[in-house]
Amino acid sequence: LHTNYHEIGRELEETLPERPTPASQLKNSEELEKIKGLLADMGADYLELYEFYPTDNACEYIFTRAYHGAVEDYAGEYLNLKPTDGDGAVVQNLWKPEYLSIVMYEGEIYTIRWENISRLVKVDNESVKILPWEEIQEIFERQIGYMMTPDEESHEMFWWRPSNVKIERITLGLGKVLMKDTNEYKLIPVWNFFGRDDTYTSLEEASEKCYLSINALDGTIVDRNAMY
């Protein structure tokens, strides 16, 4: 690890890009192979590179759980309400998606952060049938329309002011859901819709959000904060 930690941290805050590069665009990286060896030593070889944030002399790598080619989608930001009571207190401590962030600086490790470490207990079904895309598309269009339509009584929208939303990325990945009336979670196929909005800034400057997650098995909306 580097000793001039704070100096490097300030540099990385200024240089690391806000927008990621997809993992598919990283080619022949000796540094990545070095990291994969480290993950294997840590017992985290089930994690695969999801995206990365490169600069000239540094890079942040984001890894998520993978299983038989399916990955748990990483969402830095998402729309949804926290599971709170009437006074605003969080009523349930939920198990968030697992991811590992490792920042390399000049070929050496700067930071490692491994969030929500999980263990695979069992597999219920190796081959599940998902809904056809046409049905998922209809559900998305209906739900996003509802989210952007002012309430008839309060005239308020899901956003605090009228906004433009641009969906730029749609993925079919794994998502954690809380099983009803239990404290157990399952990873299931989920369609995720990523994009940007101009609520606070221009579309070009806005950070990516996940606007909607849809259960690919039954078409229900998955709340990323409530986890069901």
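Predicted model: local features only at pLDDT ≥ 70, side-chain atom pairs only at ≥ 80, totals over all residues.
Figure 1. Glutamate 106 is not a glycine, but its phi is positive, at about 50 degrees. Its relative accessibility is 52%, and because the limit for exposed is over 50%, glutamate 106 counts as exposed.

**Figure 2. Histidine 68 in the loop between E3 and E4.** Histidine 68 sits in the loop between E3 and strand E4 (70-71). A positive phi of about 55 degrees is found at histidine 68, although this residue is not a glycine. With a relative accessibility of 67%, histidine 68 counts as exposed.

Figure 3. Helix H1 spans residues 5-15, and its buried residues are Ile8, Gly9 and Leu12. These three lie on the same side of H1, because the arc they cover around the axis is only 105 degrees. An α-helix has 3.6 residues a turn, so residues three or four places apart point the same way. The exposed residues His6, Glu7, Arg10, Glu13 and Glu14 are carried on the face of H1 that is turned away from the buried side.

Figure 4. Tyrosine 5 belongs to helix H1. It is partly exposed, with a relative accessible area of 37%. Setting aside residues up to four places away in sequence, tyrosine 5 touches Tyr110 and Thr111. Tyrosine 5 and tyrosine 110 are 105 residues apart along the chain, while their C-alpha atoms are separated by 7.6 Å.

**Figure 5. The largest nonpolar core and isoleucine 102.** The largest nonpolar core has 13 residues, of which Ile35, Leu39, Leu49, Tyr61, Phe63, Leu100 and Ile102 touch the most other members. At least two residues of this core come from each of helix H2 (30-42), strand E2 (47-54), E3 and E5. Isoleucine 102 is in contact with Ile35, Leu38, Cys59, Glu60, Tyr61, Phe63, Ile109, Thr111 and Ile112, leaving out residues up to four places away in sequence. A second, separate core has 11 residues, among them Ile144, Trp191, Leu212 and Ile214.

**Figure 6. Glutamate 51 in strand E2.** Glutamate 51 is part of strand E2. Its relative accessible area is 6%; because this is under 20%, glutamate 51 is buried. Apart from neighbours within four places in sequence, its contacts are Pro20, Thr21, Ala23, Glu60, Tyr61, Ile62 and Tyr74. Between glutamate 51 and arginine 19 there are 9.7 Å from C-alpha to C-alpha, and the two are 32 residues apart in sequence.

**Figure 7. The largest pocket.** The volume of the largest pocket is about 1000 Å³. It is lined by 29 residues, and Leu120, Lys122, Lys186, Leu187 and Ile188 are the closest to its centre. E3, strand E7 (165-178) and strand E8 (185-197) are the elements that give two or more residues to this lining. The largest share, five residues, comes from E8. By type, the residues lining the largest pocket are 15 nonpolar, six polar and eight charged.

**Figure 8. The second largest pocket.** The second largest pocket holds about 500 Å³ of space. Its lining has 27 residues, and those closest to the centre are Pro17, Glu18, Tyr53, Glu60 and Tyr74. Two or more lining residues are given by each of H1, E2, E3, E5, E6 and E8. The lining of the second largest pocket divides into 11 nonpolar, five polar and 11 charged residues.

**Figure 9. The protein as a whole, for orientation.** The secondary structure comes to three helices and nine strands. Along the sequence, these elements follow the pattern α-β-α-β-β-β-β-β-α-β-β-β. Of the 228 residues in the protein, 39% are buried. Among contacts between residues at least 6 apart in sequence, 61% join residues at least 24 apart.

Conventions. Residues numbered from 1 in each chain as written. Heavy atoms only, no water. Buried < 20%, exposed > 50% of the residue type's maximum accessible area, 1.4 Å probe, protein only. Helix = DSSP H or I, 4+ residues; strand = E, 2+ residues; numbered from the N terminus. Arc of directions from axis to C-beta. Core = buried A, V, L, I, M, F, W, Y, C linked by side-chain atoms within 4.5 Å. Contact = heavy atoms within 4.5 Å. 1 Å grid on protein atoms, 1.4 Å probe; cavity = no way out; pocket = protein on both sides within 12 Å on 5 of 7 lines; lining within 4 Å. Points joined across faces, edges and corners; volume = space filled by probe spheres on them. Nonpolar A, V, L, I, M, F, W, Y, C, P; charged D, E, K, R; others polar.
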